[in-house]
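Trainee: Could you walk me through this model, one question at a time? I would like to see how each answer is reached.

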Amino acid sequence: MKSVLELKNVKKKIGRKEIIKGISLDVQPGEVFGFLGPNGAGKTTTIRMIVGLIGITDGDIIVDGNSVRNNHGEALKKIGAIVENPEFYKFMSGYDNLKQYARMYQGITKEKIEEVVEFVGLTKSIHQKVKTYSLGMRQRLGLAQCLLHDPKLLILDEPTNGLDPAGIREIRDHLKKLTKEKGMAVLVSSHLLSEMEMMCDRFAILQHGEIIEVQSVHETQTEENASTYLLEVGNVASIQNWIERTEGISLEGKLVKVEKPKQELPDIIKVLVEMDVDIYTVIPQSKTLEERFLEKTAAQGGY
Ligand SMILES: Nc1ncnc2c1ncn2[C@@H]1O[C@H](COP(=O)(O)OP(=O)(O)OP(=O)(O)O)[C@@H](O)[C@H]1O
């Protein structure tokens, strides 16, 4: 499939400091891709390069086949973005704000405006002045605004900042609809792993201007990654000694906890059977994304 967004060894120097040190990645249609990293990791700087707010020092960014370096105008037409807080005319209605914005593009019809307003759930309040809107409503208006020109790529920098759990869920549902139903590609940034896990299909972990790992949220949750198993057995008391003697085996309540790679599990089960222990269930414990993430970043010198 043709990528909607491609970063090819992108670098950014500001003064003498190399802030982005060669980032490469691709985002596919229908995918929510996340940038995860602590403050200062380089998320905003990378996003600002993608949307053309700052120049690219080296490498290139391709949006739907258009180079941001060489064909900036075409590349930008394919992007809808909320990078800084969207600015609105507070004394105008939401609708008039959208109409105003639509003038910057060609061919945005009244119907299109109504369609995006309905999509973000603002139909009832779209004719009220923006100054009466809550933060969540402004966020929705911002989203409506960047969908007006039917972008192939939607970019949201820290979209959940300041939102309550219901607002966060709303954003997540919108992103799902846009990607899975309309085939749009979405790039979101956040410093919260839990949000990445909820919103994204894949995410890149950024640290000190580099990608240290790209993870698929689905993969990290499969049983294949399990290295801890809980065994429900018949008579725990009879194997107490064996549990104490054996490395990687412990008790968790009445369950036997086995912390070993999957390929060693059959041998453990054989030993138990030979000791005449009844095994009722084997429960794989997938490592949570959080655990995998902490392992990864610790290996890289801490998050
Ligand atoms: N104009 C600039 N001049 C000098 N340094 C800059 C400039 N812009 C960004 N930086 C530095 O680049 C690094 C990356 O900043 P960036 O804002 O991209 O991080 P971030 O991951 O988006 O973090 P945050 O969530 O805080 O925005 C930081 O160390 C920052 O101090």
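Predicted model: local features only at pLDDT ≥ 70, side-chain atom pairs only at ≥ 80, totals over all residues.

Trainee: How many helices and strands does the protein chain have?

Mentor: Helices (H or I, at least four residues) and strands (E, at least two) are DSSP runs, numbered from the N terminus. Counted that way, the protein chain has 11 helices and 14 strands.

Trainee: What is the radius of gyration of the protein chain, next to that of a compact globule of 303 residues?

Mentor: The radius of gyration is taken over C-alpha atoms, and the globule rule is 2.2 Å times the number of residues to the power 0.38. For 303 residues a compact globule would come out near 19 Å. The C-alpha atoms here fill a box of roughly 80 × 50 × 35 Å along the principal axes. The radius of gyration of the protein chain is 25 Å.

Trainee: What separates the centres of domain 1 and domain 2?

Mentor: The bounds come from an automatic or database domain assignment, with domain 1 covering 5-220 and domain 2 covering 227-285. Taken over C-alpha atoms, the distance between their centres is 48 Å.

Trainee: What share of the residues of the protein chain counts as buried?

Mentor: A residue is buried if 20 or more other C-beta atoms lie within 10 Å of its own, exposed if 12 or fewer, and partly exposed in between, with C-beta atoms placed from the backbone. Helix α10 (residues 265-274) is hardly covered, with one buried residue among its 10. For the 303 residues of the protein chain, the buried share is 31%.

Trainee: Which helix gives the most to the shell around the ligand?

Mentor: A residue is near a molecule if its C-beta atom, placed from the backbone, lies within 6 Å of it. The ligand is surrounded by I14, I19, G37, N39, G40, A41, G42, K43, T44, T45 and H191. With three residues, the helix that gives the most is α1 (residues 43-50).

Trainee: How do the residues of that shell divide into nonpolar, polar and charged?

Mentor: Ala, Val, Leu, Ile, Met, Phe, Trp, Tyr, Cys and Pro count as nonpolar, Asp, Glu, Lys and Arg as charged, and the others, Gly among them, as polar. The shell divides into three nonpolar, one charged and seven polar.

Trainee: Which residues does I61 contact, leaving aside neighbours within four places in sequence?

Mentor: Two residues are in contact if their C-beta atoms, placed from the backbone, lie within 7 Å. I61 is one of the residues with the most contacts inside the largest nonpolar core, which has 45 residues; such a core is a set of buried Ala, Val, Leu, Ile, Met, Phe, Trp, Tyr and Cys residues joined through C-beta atoms within 7 Å. The contacts of I61 are L7, V10, M49, I50, I56 and V68.

Trainee: Is E158 buried or exposed?

Mentor: E158 sits in the loop between β7 and α6, and its phi is near 45°, a positive value in a residue other than glycine. Because E158 has 20 C-beta neighbours inside 10 Å, it counts as buried.

Trainee: And D276, buried or exposed?

Mentor: D276 lies in the loop between α10 and β14 (279-285). Though not a glycine, D276 has a positive phi of about 70°. Because 10 other C-beta atoms lie within 10 Å, D276 is exposed.

Trainee: Which residues does L53 touch, not counting those up to four places away in sequence?

Mentor: L53 is in the loop between α1 and β4 (58-63). With 13 other C-beta atoms within 10 Å, L53 is partly exposed. L53 touches R48 and V83.

Technical notes: Residues numbered from 1 in each chain as written.
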